[in-house]
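Here is a protein model to explore together. Have the sequence and the 3D view open, and find each residue as we reach it.

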Amino acid sequence: MSVRSVIIGTGSALPARRVSNEELAQQVDTSDEWIVERTGIRFRHIAGPDETTSSLATGAARAALAAAGKDAQDIDLIVLATATPDQTFPASATKVQAALGIDDCVAFDVAAVCSGFLYALQVADSLIRAGAHRRALVIGAETFSRILDWEDRATCVLFGDGAGAIVLEAQSGEDGRGILATRLHADGRHNELLYVDGGPSTTGTVGKVRMKGREVFRHAVVNLATVMEESLAAAGLEASDVDWVVPHQANARILDATARKLGLAPEKVIVTVDRHANTSAASVPLALDTAVRDGRIKRGDLLVLEAMGGGFTWGASVVRF
């Protein structure tokens, strides 16, 4: 009997401080109208001194475990996607493991920036289907505010902090639920379009985010539409079968353009970019948890999760929830 990885719980966590466009406009040359028109963003959450990637990830993990009706000791795998770990090493996943009180499980980080959660999902799914693990926490968590240049209005208005998590469980798949297909890609030739200008082996510093927004937008629309079609084809499905698209929340215009390219109704796209901004690896699981908790996404719904980020990396996953 084949094994499938089934999502049995979702959770999220956000920093206490919520920052409006108006507040940002007091610090940088911008305005609420300028930001909303170009991005759709109205608010973002910014981590305080005592809030870290691992603490947000732990909060999201606890919420997902509660939703799944599972204890931390039921978890034997933690895969944490992040571009902003607490430390260069050890992996922030091990800090989540310790915070949850899990004595021993496999725990590691995945770095694929905004596509990180999709990469982490594929890794966990593969390990579960191989029989190596039975139950996994897959987490996307970021404190992107730590690597922003707060004098660069082209980037600092776009990002926020947060975490989202799911509990994956090995099941028979007899009811059709589970991860049906995932497709991932990367093209390192585009490093200069979206990157951080620092790192341990180059500058010895953390660095700041740098981006050429217009070029990123162009690649994002094409790549996301293509990989969504590719993943649906791998699952033997079509766009008309999809109940909900849960996209990376980078920019409202990218979400609209991608939906149009696939011929999907805007009403089928989960949008949280207005309240969370771009939370990088956290954005897909944050949006997923939001839509599960407000009742839009229901058991049995067909979802497409998709994201693209620096690298470039991009991917999509078809999931029967």
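First, some ground rules. This is a predicted model, so local features need a pLDDT of at least 70 and side-chain atom pairs count only at pLDDT 80 or more, while totals for chains, interfaces and linings use all residues. Residues are numbered from 1 along each chain as its sequence is written, and side-chain values use heavy atoms, with hydrogens and water left out. Helices (H or I, at least four residues) and strands (E, at least two) are DSSP runs, numbered from the N terminus.

Let's begin with helix α2, residues 32–39. Which of its residues are buried? They are Asp-32, Ile-35 and Thr-39. They cover an arc of only 80° around the axis, which puts them on the same side of α2. That arc is taken from the directions from the helix axis to the C-beta atoms. "Buried" means under 20% relative accessible area, "exposed" means over 50%, and "partly exposed" is in between (1.4 Å probe, protein chains only). Now look at the face of α2 turned away from the buried side, and you'll find the exposed residues Glu-33 and Glu-37. What do the buried residues of α2 pack against? Their partners are α1 (21–25), β3 (43–46), α8 (252–262) and α9 (273–276), where contact means heavy atoms within 4.5 Å. Just after α2 comes Gly-40, with a positive phi of about 85°.

Next, follow α8 to a helix that it packs with. Helix α7 (residues 213–234) and α8 pack at an angle of about 40°, with their axes 9 Å apart. The axes are lines fitted to C-alpha atoms, for helices over the stretch in contact, and angles run from 0 to 180 degrees between N-to-C directions. The two helices are therefore oblique to each other: angles under 35 degrees count as roughly parallel, over 145 as roughly antiparallel, 65 to 115 as roughly perpendicular, and the rest as oblique.

Now for another pair. The axes of helix α3 (residues 53–68) and α4 come within 9 Å and cross at roughly 55°. That makes α3 oblique to α4. α3 passes α4 in a right-handed crossing. Ser-54, Ala-61 and Leu-65 are among the contact residues of α3, with Ser-92, Val-96 and Leu-100 among those of α4. The contact of α3 with α4 divides into 6 nonpolar, 3 polar and 2 charged residues.

Let's turn to single residues. His-276 lies in helix α9 and is buried, with a relative accessible area of 6%. Phe-159 is in the loop between α6 (153–156) and β7 (161–171), and at 4% relative accessibility it counts as buried. Among the residues Phe-159 touches are Arg-44, Phe-144 and Asn-278.

Val-113 has a positive phi of about 50° although it is not a glycine, and at 24% relative accessibility it counts as partly exposed. Ser-280 has a positive phi of about 55° and is not a glycine either, but at 0% relative accessibility Ser-280 counts as buried. Where are the cis peptide bonds in this tour? One joins Phe-89 and Pro-90, with omega about 5°, and another joins Gly-311 and Phe-312, with omega about -15°.

Notes
A crossing is left-handed if the near helix is turned anticlockwise from the far one by less than a right angle, and right-handed if clockwise. Ala, Val, Leu, Ile, Met, Phe, Trp, Tyr, Cys and Pro count as nonpolar, Asp, Glu, Lys and Arg as charged, and the others, Gly among them, as polar. Lists of a residue's contacts leave out its neighbours within four places in sequence.
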